[in-house]
Amino acid sequence: MIHSRQPETELMKASSAQAASYSPTLDVTNPAQVFAATTQALQNLLTYYTPTQSGVFSQVQTPWHESGMIWGMFFDYAKWTGDTQFLELVTDALVNISYVTEHAKVSRLTEVEYLSDFLGGNAVSVVQTLLGVWNDDLLWPSQAAVGGAEVFGPNAIMPRSNGDWISLATKTYDQTGVETDDKCGGGIYWSRDRGSPSGVYKSLITQIEFISQGARNYLQTKNETALAQSKQVLDWIMSSGLGNLNTGELLDGMPSNNCQQFTKTSWSYNYGQLIGSLAWMNLATKNQTYLDMISPFFDYSVKLFAPTGVITELCEADVSCNRDQQGFKAIYARNLVYVYRQTTNATIKDAIQKMIDASVNAMVSNSCDKQWNCGGNWTTDTQPVKYIRSQAVSAALLVSAIGIHGISS
């Protein structure tokens, strides 16, 4: 969700003084060095987290859904390195986010229903009324939950609960999937509150999170319905005008009461999440068409967000990124790795590796100290910034470098 927030410029402020004195050294092609840097950056990130019943970082500093993004990143790290040192804390947080007091199961005749979810369990109506709930926000921690299923196994029980990883992910997927109708031909609503000003909006990010989640759920459950729903939403993106296979352009969304009134703002996470979803769809179906669809959107995203080779959000140029937008590059980078690890297109693989490597090198030179506290703007000398938003996006870039290069020579 793109919240209306004033720009937070701590992450962006630039100074060229003493750059060489604080910058660490890193050979991005040296797996041992990248692994050490990444582990330290992740440890630094967790210094901003105080375990609580909410399971999230301070919402004064970062929004609720961003915690879901961060916990998902830790599962990427675990899968790509085999290092599970952070997962006890991450698992504990996800149990809390999904309302630990509701982590119970009840029998419905021959079926078992798990009460845990990211909506508040059996207190769902109260939570939605008091807090407001957005479908795209729900799908970030839900993607982290399916990451847990990928690491621990789909039927592994989450600690301090009676529920397994994949049931939590599947329930959230189903809860968002029903938030659709035939207005504009389909699509899932951004907000769950039809009476709110945003209640008519169908955002692209909601659709592509749903596609990715459905493909990943299918890989764990072999539930054909989930895969069919993901395909249906993907087809709708292309038929509705939100995605253009000819040009590679993506539009941010449209109101269901004016289907041609597209929001044309470009964000890196839309492009990253879409091409990553296509990689997951290929993994789930073995259909080459999904990999072929990546090329136009990847090429267009490079022109927008990495014209110099370094990943840069468009709003960085005039220091206008709001709180949410500061974290979008993390999703872009991680999804580039999903594509890299799935595609057979040598040109795309080479371009992704060069982009990740160039971004890491720029980050190391411009925004990190020797303890791997890093800023979030990598194209100018920001000097190191101790701030959760910048640390999260920079740690995600280092995790992405591991996804490209591995941890052994």
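Biologist: How should I read burial here, and is cysteine 368 buried or exposed?

Modeller: Cysteine 368 is buried, with a relative accessible area of 0%, where buried means under 20%, exposed over 50% and partly exposed in between (1.4 Å probe, protein chains only). This is a predicted model, in which local features need pLDDT of at least 70 and side-chain atom pairs pLDDT 80 or more, while totals for chains, interfaces and linings use all residues. Residues are numbered from 1 along each chain as its sequence is written, and side-chain values use heavy atoms, without hydrogens and water.

Biologist: Which cysteine forms a disulfide with cysteine 368?

Modeller: A disulfide is a covalent bond between the sulfur atoms of two cysteines, assigned here when those atoms lie within 2.5 Å. Cysteine 368 pairs with cysteine 374, at 2.0 Å between the sulfur atoms, and the link is right-handed, with 110 degrees about the S-S bond. Cysteine 374 is buried as well, at 1%.

Biologist: How many disulfides does the whole structure hold?

Modeller: The search finds three, and the bonded cysteines, numbered in sequence order, pair as 1-2, 3-4, 5-6. Cysteine 315 is joined to cysteine 321, S to S 1.9 Å; both are buried, and the torsion of about 95 degrees makes this disulfide right-handed.

Biologist: Why is the disulfide of cysteine 184 and cysteine 259 left-handed?

Modeller: The torsion about its S-S bond is about -90 degrees, so the disulfide is left-handed; the sulfur atoms are 2.0 Å apart. Cysteine 184 is buried at 18%, whereas cysteine 259, at 24%, counts as partly exposed.
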